[in-house]
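Subject: Structure handover

Hello,

Here is the structure I said I would pass on. My notes on what was found in it follow below.

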Amino acid sequence: MSGIVKALEGVIIPALSEADSLAQEQAAIALSHLRMMSQLSDSDVEYEQHCLRKIESLAEDLVSSASGQGFTRERAESLARVLGSRGTEATRPRPSAAKRRRNEIARAIASLVEASGIDGDESFVSTSQRLILNHGKIQADLDRSRYAAAGLDPEAGTLPQFEALMSLDED
């Protein structure tokens, strides 16, 4: 990919006519996407493992604070089983395995939230909302920071650095 970036920077973009603003713009977009893709591929495994740890932590907090009647208890137990079934596949250095595991946990969390809307205690509903919104904000900032190199986020300059967000251990 670095060869393509060098070709765009050193040969292709300088050869484009200044009068052809569309070609200039499209080449700049292609260049920024190539840079972003290169940056992202370097951190894929670490990023997916980080996201998996964060959603596992959220799920553990939800299970430990879950309270309510039948549906809520049943879904909390189901989420606990999903957490307890930590397979070795998700710990391998492959983003796809961690992503599948993360999605499995997210589905179980969604099921618990749905059940708490039926028969969850008011305190759990409030706690789960706070935990989930906090997790979502942290994840959104991480994702925005990760993709900031694309140049599409109007507030990219206000975001913490991706590496700093990846090093946070607390939710």
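The largest cavity holds about 40 Å³ of space. Please keep in mind that this is a predicted model, so every value here is computed from it.

The cavity

The structure holds one cavity of 30 Å³ or more. The residues lining the largest cavity are His50, Lys54, Ile138, Gln139, Leu142 and Leu165. Two elements give two or more residues each to that lining, namely helix 2 (21-65) and helix 5. Helix 5 supplies the largest share, three residues. Sorted by class, the lining has three nonpolar, two polar and one charged residues.

Helix 5

Helix 5 covers residues 122-146. It has 25 residues, and the distance from its first C-alpha to its last is 36 Å, close to the 36 Å expected at 1.5 Å a residue. Its buried residues are Phe124, Ser128, Leu131, His135, Gln139, Asp141, Leu142, Ser145 and Arg146.

Why does Gln139 count as buried? Its relative accessibility is 13%, and the cut-off for buried is under 20%. Setting aside neighbours within four places in sequence, Gln139 is in contact with Tyr47 and Cys51.

Ser123 is also found in helix 5. Ser123 has a relative accessibility of 48%, so it counts as partly exposed. The C-alpha atoms of Ser123 and Ala7 are separated by 59 Å, and the two residues are 116 residues apart along the chain.

Helix 3

Helix 3 runs over residues 70-84. At 1.5 Å a residue its 15 residues should span 21 Å, and its end C-alpha atoms are 21 Å apart, which agrees.

Which residues of helix 3 are buried? They are Thr72, Ala76, Leu79, Val82 and Leu83. Viewed down the axis of helix 3, these buried residues fall within an arc of 115 degrees, so they line one face of the helix. As background, an α-helix has 3.6 residues a turn, so residues three or four places apart point the same way. On the face of helix 3 turned away from the buried side are the exposed residues Arg81 and Gly84.

Gly70 is placed in helix 3 as well. Gly70 counts as partly exposed because its relative accessibility is 34%.

Helix 2

Gln24 lies in helix 2. With a relative accessible area of 24%, Gln24 is partly exposed. Not counting residues up to four places away in sequence, Gln24 touches Ile13, Leu16, Ser17 and Glu18. Gln24 and Leu133 are 41 Å apart in space, C-alpha to C-alpha, and 109 residues apart in sequence.

Regards

Note on methods
Residues are numbered from 1 along each chain as its sequence is written. This is a predicted model: local features need pLDDT of at least 70, side-chain atom pairs count only at pLDDT 80 or more; totals for chains, interfaces and linings use all residues. Side-chain values use heavy atoms; hydrogens and water are left out. Helices (H or I, at least four residues) and strands (E, at least two) are DSSP runs, numbered from the N terminus. Buried means under 20% relative accessible area, exposed over 50%, partly exposed in between (1.4 Å probe, protein chains only). Contact means heavy atoms within 4.5 Å. The expected span of a helix is 1.5 Å times one less than its number of residues. The arc is that of the directions from the helix axis to the C-beta atoms. On a 1 Å grid over the protein atoms alone, a cavity is a set of points where a 1.4 Å probe fits but cannot get out, and a pocket is an open set with protein on both sides within 12 Å along at least five of seven lines; lining residues have an atom within 4 Å of a point. Grid points are joined across faces, edges and corners, and a volume is the space filled by probe spheres set on the points. Ala, Val, Leu, Ile, Met, Phe, Trp, Tyr, Cys and Pro count as nonpolar, Asp, Glu, Lys and Arg as charged, and the others, Gly among them, as polar.
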